[in-house]
Amino acid sequence: YYTTPFKAGSENGSPERFAESYALRFGMDPDPLAMVGYDLGSFVAVRLEKVGNPALLMESIAEPGLVRGLLLDVEFDGRRVNQRVHVRRVQPTDPF
């Protein structure tokens, strides 16, 4: 078993659709960090929409509340570290 902040599937959006849109716009395939950047930008946008005032954004980020992304779930739950982590089992047939 191992832990990772990234998940295998997504309940919120399609990584494949993101990859297609990204390639169409930028002329190349996205790397995993492009999706993480999208997820973190989406998290900030959700929190900003909730508070409505950019001056209150920092306080809102630490408030409890899960935001599901394409690869990353974000929830700070009053702390400074993302509290979401996924546990995966390594299979003998998994590629390395």
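**Exercise 1. Work out how helix 1 and helix 2 pack, and what their contact is made of.**

Step 1: get the geometry. Helix 1 (residues 15–26) packs against helix 2 at an angle of about 105°, and the two axes are 11 Å apart. Axes here are lines fitted to C-alpha atoms, for helices over the stretch in contact, with angles running from 0 to 180 degrees between N-to-C directions. The helices themselves are DSSP runs of H or I with at least four residues, while strands are E runs of at least two, both numbered from the N terminus.

Step 2: classify the angle. Under 35 degrees counts as roughly parallel, over 145 as roughly antiparallel, 65 to 115 as roughly perpendicular, and the rest as oblique. Helix 1 and helix 2 are therefore roughly perpendicular to each other.

Step 3: list who touches whom. From helix 1 come Pro15, Phe18, Ala19 and Tyr22, and they meet Ala34, Met35 and Tyr38 of helix 2; contact means heavy atoms within 4.5 Å.

Step 4: sort by type. The contact of helix 1 with helix 2 has seven nonpolar residues, no polar ones and no charged ones. For this count, Ala, Val, Leu, Ile, Met, Phe, Trp, Tyr, Cys and Pro are nonpolar, Asp, Glu, Lys and Arg are charged, and the others, Gly among them, are polar.

A quick note on the model: it is predicted, so local features need pLDDT of at least 70 and side-chain atom pairs count only at pLDDT 80 or more, while totals for chains, interfaces and linings use all residues. Residues are numbered from 1 along each chain as its sequence is written, and side-chain values use heavy atoms, with hydrogens and water left out.

**Exercise 2. Place Asp31 in the fold and say how exposed Asp31 is.**

Step 1: Asp31 sits in the loop between helix 1 and helix 2.

Step 2: its relative accessible area is 43%, so Asp31 is partly exposed. The scale goes: buried under 20% relative accessible area, exposed over 50%, partly exposed in between (1.4 Å probe, protein chains only).

Step 3: Asp31 and Ala19 are twelve residues apart in sequence, and their C-alpha atoms are 8.9 Å apart in space.

**Exercise 3. Find the surroundings of Arg47 and Ser60.**

Step 1: Arg47 belongs to helix 2, and with a relative accessible area of 2% Arg47 is buried.

Step 2: skip neighbours within four places in sequence, and Arg47 is in contact with Leu57, Ser60, Ile61, Glu63, Pro64, Gly65 and Val67.

Step 3: turn to Ser60, in helix 3. Ser60 is buried too, at 0% relative accessibility.

Step 4: Glu63, another contact of Arg47, is in the loop between helix 3 and strand 2 (67–68). Glu63 is partly exposed at 31% relative accessibility. Its C-alpha atom is 5.6 Å from that of Asp77, 14 residues away along the chain.
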